[in-house]
Amino acid sequence: MEGFIYGVILQWKLDLRSRTMLITCYAVPLLFFAVMGGVFSSITPESRETLIQSMTVFAVTMGTLIGLPPSLAEIYRRDVKNAYQANGVPLSLGLVLINISTFAHLLIMSAILYGIAPVLFDAKIPEHPETYFGGLLVLIAVSLSVASIIGLAVKDAANTSMFSILLFLPSVMLSGVMFPSELLPEALAVVGKFFPATWGYKLMTDSGLSLQTLCPLCIIFIIAFILCLTLLKKISTR
């Protein structure tokens, strides 16, 4: 247990020194919030009702899909993987540690947005904080599981950015955080339902946790979990 805690702390320190993690989990979400928060609240004042939720979904999606895969791919490159195996360390440990560390960073980022949005843009605090934070925890976990697939499946760390962007852009554009999903063509609205951001945003803006919204997220998580286990087995045999 002590070794596990030490590993989490070590991964936390490594993340703080990682420019990719700092940029994707803190710098870009805060910059986007500073710019788009002002734009949304000025053009459509009613957006203040869900500004915290929409900016949080963007931050979580950015931190997971753009921030996690390159770091994860770096962990499982050949020399690092060999070091794990030579020292009898389970290959799954790297995946678990970086997911826990990223989870913590995104919680901090979400707390920052939750605190400063009402001050800067008069954003409305969610009426049901228990639903908001419950939805936030679920969204982060599911988004991390999807991002982990990219990090494990793509061998070249440089190529992970391309696949991450291919998932990040539709996740944000089709989730309803930029504009109401009702304005989308029916085909695009259906595509948007395959992304955790869509259901996470709906969950965080609902008055309570509903099975109708939780079930798609649970299904995505289970599928991603199985794929991650399969990919870890393939990595161990390379």
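## Basis and overall fold

The model is predicted, with local features requiring pLDDT of at least 70 and side-chain atom pairs counted only at pLDDT 80 or more, while totals for chains, interfaces and linings use all residues. Residues are numbered from 1 along each chain as its sequence is written, and side-chain values use heavy atoms, with hydrogens and water left out.

The chain holds 10 helices and zero strands, where helices (H or I, at least four residues) and strands (E, at least two) are DSSP runs numbered from the N terminus. Of its 238 residues, 46% count as buried, a class that means under 20% relative accessible area, with exposed set at over 50% and partly exposed in between (1.4 Å probe, protein chains only). Among contacts (heavy atoms within 4.5 Å) between residues at least 6 apart in sequence, 78% join residues at least 24 apart.

## The pair α3 and α9

Two packed helices are described by the angle between their axes and the distance between the axes. For α3 and α9, the axes come within 10 Å and cross at roughly 145°; axes here are lines fitted to C-alpha atoms, for helices over the stretch in contact, and angles run from 0 to 180 degrees between N-to-C directions. On the side of α3 the contact is made by Q53, S54, T56, V57 and T61, and on the side of α9 by A197, Y201, M204 and T205. These residues divide into four nonpolar, five polar and no charged, with Ala, Val, Leu, Ile, Met, Phe, Trp, Tyr, Cys and Pro counted as nonpolar, Asp, Glu, Lys and Arg as charged, and the others, Gly among them, as polar.

## Cavity and pocket

Both kinds of space are found on a 1 Å grid over the protein atoms alone: a cavity is a set of points where a 1.4 Å probe fits but cannot get out, a pocket is an open set with protein on both sides within 12 Å along at least five of seven lines, and lining residues have an atom within 4 Å of a point. Grid points are joined across faces, edges and corners, and a volume is the space filled by probe spheres set on the points.

A search of the whole structure finds one cavity of 30 Å³ or more, and the largest cavity contains about 50 Å³ of space. Its lining consists of T61, T64, L65, S143, V146, S171, P196 and A197, and α3, α6 (129-153) and α9 each give two or more residues. The largest share, three residues, comes from α3. The largest pocket holds about 520 Å³ and is lined by 25 residues, of which G176, P180, S181, E182 and Y201 lie nearest its centre. Helices α3 (51-75), α8 (186-192) and α9 (196-205) each supply at least two lining residues, with α9 giving the most, four residues.

## Two individual residues

N99 lies in helix α5 (residues 92-121) and counts as buried because its relative accessible area is 15%. Leaving aside neighbours within four places in sequence, N99 is in contact with L68, L144 and S148.

I125 is found in the loop between α5 and α6 and is partly exposed, with a relative accessible area of 45%. With neighbours within four places again left aside, I125 is in contact with I52, Y114 and P118. The C-alpha atoms of I125 and I52 are separated by 7.3 Å, although the two residues are 73 apart along the chain.
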